[in-house]
Amino acid sequence: MPGMYSMKDLLNLVAQQGAAELRLEPGRPPMMLLHGKVRVLDGPLVTSDQITELFRGIATDEQRRELDLCGSTHFRYAAENSAHFSVRADIRGNSFSLSMRNLEP
């Protein structure tokens, strides 16, 4: 379990709020880009390990391999609620960041 957050819940919130993007960065709570402003969600900070687990829940084996080999990957993801996202994952050193742009805000 990746802590208190589930990708399904986070993406549902983004879709319901009409946010343009979800950002997950280590040492910060999840953030949404809403009406051109960053909105920090109330909740605990996420770690690189938690972001990795959330990413693994949506990525295919091929996308995981690309991330491991190249240090980044970019792909489209269709959430259970039918919202579509452009996903970007990056590894820098021991730090993992993930951003998911809502393609239907």
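User: Which side chains meet in a salt bridge with D90 or R88, and at what N to O distance?
Analyst: The side chains of D90 and R88 pair with each other at 3.3 Å, N to O, where a salt bridge is a side-chain nitrogen of Lys or Arg within 4 Å of a carboxyl oxygen of Asp or Glu. This is a predicted model, in which local features need pLDDT of at least 70 and side-chain atom pairs count only at pLDDT 80 or more, while totals for chains, interfaces and linings use all residues. Residues are numbered from 1 along each chain as its sequence is written, and side-chain values use heavy atoms, with hydrogens and water left out.

User: Is D90 buried or exposed?
Analyst: D90 is buried, with a relative accessible area of 12%, whereas R88 is partly exposed at 36%; buried means under 20% relative accessible area, exposed over 50%, and partly exposed in between (1.4 Å probe, protein chains only).

User: How many salt bridges are there in the whole structure?
Analyst: The search finds six, among them R23 with E21, whose closest N and O atoms are 3.5 Å apart, and R64 with D61 at 2.9 Å, N to O.

User: Where do R64 and D61 lie?
Analyst: Both are in helix α3, three residues apart, about one turn of the helix; helices (H or I, at least four residues) and strands (E, at least two) are DSSP runs, numbered from the N terminus.

User: Switching topic, what is the strand order in the sheet?
Analyst: The open sheet of six strands runs β3-β2-β1-β6-β5-β4 with antiparallel pairing, two strands being paired if DSSP finds at least two bridges between them. Because β3 (37-40) and β4 (72-78) stand at the edges with a single partner strand each, one side of each is left without a neighbour in the sheet.
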